[in-house]
Each structure stands twice: as structure tokens, then as C-alpha cells.
Amino acid sequence: MTHGPRIVDARLHLLSRQVLDVDGEPVSTVDDLELRGPDGSEARAGQEAHVAAILVGPALVTRLFGGRAPTSRMPRIAWDDVGHLGTAVELAVSSDGLDADWVEHWVRERLVERIPGGRHDPEGDR
Amino acid sequence: MKKVFAAALGILTAIGGFVDIGDLVTNAVVGSRFGMSLVWVVVVGVVGICLFASMAGRVTAVSGRATFEIIRERLGPRAAGANLVASFAINLLTLTAEIGGIALALHLASSVEPRLWIPVAGLAVWLVLWRVKFQIMENVAGLMGLLLVGFAVALFLLGPDWGELLRQAVPPSPPGTEHPASYWYYAVALFGAAMTPYEVFFFSSGAVEERWTAKDLSTNRVNVLVGFPLGGLLSVAIAACAAVVLLPAGIEVSSLSQIVLPVAQAGGVLLLALVIVGIVAATFGAALETALSSGYTVAQYLGWSWGKFRRPARAARFHLTMIVALLLGVGILMTSVDPIAVTEMSVVFSAVALPLTYVPILVVANDPEYMGEHVNGRVVNALGTVYLVIVVVAAVAAIPLMIATGAGS
């Protein structure tokens, strides 16, 4: 293993990787990245930029078919929440507190939990 | 001792889990029309599924990433998305065929109309997915599926001319009455039935469900390398039964009752009853596997939380996907489409989709970032490349053959 700064290719090592929360529960895939310039403004070609957030959900549609959605509409996971980069992007927070995971929360609360046995632990004794 | 028991259990479930409605129907049809002359395809298919299932299991055990996560990561959202649409459609077709198979087998046992059994079968599959622990689900279906050994017993009871069966098989000599295009069409179908992609999705995701690590690699290898070939022998027994009884009588298989006819003739009601239980278990197990695979593929492509080991509420969209897939399958069957015809379609389209699944697995199994020291060896890579060629040829040939032969008729 190499130590010191590690070079990460955003296309190769970030895009389309699985995102796991702090408990190892899958949250999403890295559908797109939000790049920001040094002063926090929108990144421009040829200038220094850093990854500000992981975009999920609707970002997949723009990746597939092109076009741009207003960035304010994109569910995002702040880059500060990322804990570790391996073969998956591991977050340092739980998925329960992530707004970006709202569809899962909606389906859970409105549908699946309401079906009898929805909270049953299959690995438990009963 | 406990380890030996676990290994034996794994092998037995692999045997019982190998045969599904696709193998049953295709082998019986082929046996009744071409005798033993297509046995070589089963052998080729079994070696292929052993190779790629163990590779997919190894990739998941070492990297913790399941097959469709890898497909997405390696092919990017567009190509993987196209792959997902195709895989999901074929998986749905297979799921439909399996639920139809359960209904047909229960119809045989009860003479209650299959269409009444279809919703019952669908509901039963869902209840197991919703409630039952993964290991119990897999072991019960696999062990009861072993009752299909009844086909082998029937073959011995029939006391066939073994020399004649062998002569049909080596070298392969198709009956002169059949057109070569039909022969190759069924060769592709049989190959598709043996190597159906859902087996790989299920096998790799099952490795996550059972929390495999690099330590479980030897178990993985033994399960696959012993279990699947023995399952392949069951397939051959089904074809041989049809070749002994149905081929001379000129019966072309178009229903489940004809598939089990040789068993009834050889072993009477008792053996028939056992085999029907075996068919119900095998198709039920495969229905579970295909329903799970539909959830696995979608959830892994989109990065959703998935897995039967979680509470349904902790993998909400995964469970919702499986419910939708089951409803679609039941809905298709309730239009009173013939489940046997659906099965024949599903195996041919499986053959078309094979490269989409197997190419990315082979690529990632060679990637040291994922695999560390467990990357493919030279022999496995050589075999994998040979199979890639076979898989691509079968995929390209499938549709033209289907059109040329009028789906084998």
C-alpha cells in the first residue's frame, strides 16, 4: 500500500461508484459530482476546482440524456460527509439523516412499513 | 464435522437449485425430438456456468461488490442502463415462466385449473421473500428440488438400451427427420437454459446475503464445481427419459404432463408424486431466485439499499421492486398465455443477453483494485475467453435461428 497523498481519477474512481453510509448500508450511486471553484463559485474550465458534493437521483437522468438541471434541484451529499474512499465511497454519517435519500425514506414510511411484517428482522429468531 | 455438513448442504442445494422450468422444458423437448444428440450442449453449458458463477462469487466475496454494481461502475450509466433494461426484461420473462411452472405442477397434482393456482403461487413467493430467512429459503427449496432425482430413477426403471443412448450422444447424431437449423436453434436454447444470467446475479448477491469473505472461497468453489455438474446430470436424465419414451412414440412435448409421462410409466404414482413435489420445489426456488434477481439488478444499478438479510423497511425500494416484478409476472400469466411457450422464449432471450452479464465479470475478476491477490489465474482466463467467444456466437445466432426455424417448429 502506498502512503501519503493518493491520486484519484474522478471519472475512474468516483463516478458510478456505490455510496455506503456509516453502517455500510447502501445509499446511492455517485451519479454526478458538483465541482466548485476556490471561492465557492461555480467551477470554470481551466481553473482550480474541488469536489463540493455528490449528486444523486435526477443527476442520473442528465448523465444519461444530457442537459442540465438547476443545481438547486439536485439532491446532494456534501463532500464533507465522505469518510473513506475504497471500492465504494463510504460516508461518515447515517443514511437516516440524509435528505438526498428522501425517496427511500418515503417508500419506507408510506408503503413498506405499513405492510404487516415490514419491520420484521429476517435474521432474528422470530 | 460441522464444516463437512455445511459443505454437503451447499452441494445438495446447488444440485437442487440448478434445474428450473427452463431446464425441465428445454431438456424434455430436446430429448423428445433429438434424442441424446444435444447432451454435449448441457456439458458445455454446465462448465460455463461453473466457471462464471464461481468467478462472480469470488469477486463478491473478495471485494464486497455485487455483480450489477460492478457492471454499472465499469460500463458507465448508459451502457449499464441498457444492460439493466435487457436483463430486467429477460429476468421478468423467466420469473413469469417459473410462476407458471409452479401453477402447472400444482395443476398436475390437484387438477385445479392452473389459472387459479397462479395468484396463489405469486402470493406464496412474495410471503417467502418478505418473511423467511435467506439460508432457510435456499436450503429448503434446494433440498426438496433434489426429488427431481426421480427422473434418473425412472430412467433406470425404464431399462433403456444404454448403448443406443450413448450412440446418439457421442458423436452427436441428430435424427435425419429434423432440419439442421432446428437442431442448432435448440442447441442455443439449451445453452441459454443452462447459463441463464439470473443464476449469476443471484449467486453473487447471495454471497453478500450470506456475508462471504475471502475465507469462504473454497466453499464457493466446491459448491459450484460439484453441485452444478450433478445438477447437469439431472438435466441429462430428463432428456434421456424423453428420448427413451417420447421420441419413439413420436410425442412432441407441449405440456408438463408430457414431461413427466416417462416417470409415470416407469415408477407409477408414487414416483410421479415425488417428482411433482420436486418440480414444485425447483420452480418455486427458481421463482424466488429470479424475483430476488430483479430486485438485486435494479437496486445495485441505482445504488439502493438491498438484501433479504435487512428488514424490509431498511431496503424499501428493493422490496417494492420485487413486489412490482411479481405483480407483472402474475399479470402476464393471467392473460392465459401458455407458460411453456413463455419458458421457451425466456431461454432463447437469455442466450441473447449472456454477453451483457459475463463480459464485465471477466473484466473485473482481472482487476487487482477489486481482487487483490485473488485475480483470475491463467487457466481461468483462457477458459473464460473461450467461453466469451461461445457466448457471443450463441447470442448473435439466437434471433436469426429463431426466425429461420419459426421458433423451432
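The model is predicted: local features need pLDDT of at least 70, side-chain atom pairs count only at pLDDT 80 or more, and totals for chains, interfaces and linings use all residues. Residues are numbered from 1 along each chain as its sequence is written, while chains are lettered from A and ligands numbered from 1 in the order in which they are written.

**The open sheet**

- In chain A, four strands make an open sheet with mixed pairing, in the order 2-1-7-6; strands here are DSSP runs (E, at least two residues) and helices are DSSP runs (H or I, at least four residues), numbered from the N terminus.
- Two strands pair if DSSP finds at least two bridges between them.
- The edges of this sheet are strand 2 and strand 6 of chain A, and each has a single partner strand, so one side of each is left without a neighbour in the sheet.
- On average, neighbouring strands of this sheet are turned by 25 degrees against each other, direction ignored; the axes are lines fitted to C-alpha atoms, for helices over the stretch in contact, with angles from 0 to 180 degrees between N-to-C directions.
- Strand 1 and strand 2 of chain A run antiparallel and are joined by three bridges, with Val19(A) opposite Ser28(A) of strand 2.
- Strand 6 (residues 82-85) and strand 7 (residues 89-91) of chain A also pair in the antiparallel sense, over three bridges.
- A hairpin of three residues links strand 6 to strand 7 of chain A, and Leu85(A) stands opposite Val89(A) of strand 7.

**Strands 3, 4 and 5**

- Strand 3 (residues 32-36) of chain A runs antiparallel to strand 4 (residues 50-55) of chain A, and five bridges join them.
- Strand 4 of chain A is joined to strand 5 (residues 76-78) of chain A by three bridges, again antiparallel.
- Ala53(A) in strand 4 is the bridge partner of Glu34(A), and Ala53(A) also stands opposite Ala78(A) in strand 5.

**Where chain A meets chain B**

- Chain A gives 27 residues to the contact and chain B gives 30 residues, where two residues are in contact if their C-beta atoms, placed from the backbone, lie within 7 Å.
- On the chain A side, the elements giving two or more residues are strand 1 (18-20), strand 2 (26-29), helix 2 (58-65) and helix 3 (102-110).
- Strand 2 of chain A supplies the largest share of that side, with four residues.
- By class, the chain A side has ten nonpolar, eight polar and nine charged residues; Ala, Val, Leu, Ile, Met, Phe, Trp, Tyr, Cys and Pro count as nonpolar, Asp, Glu, Lys and Arg as charged, and the others, Gly among them, as polar.
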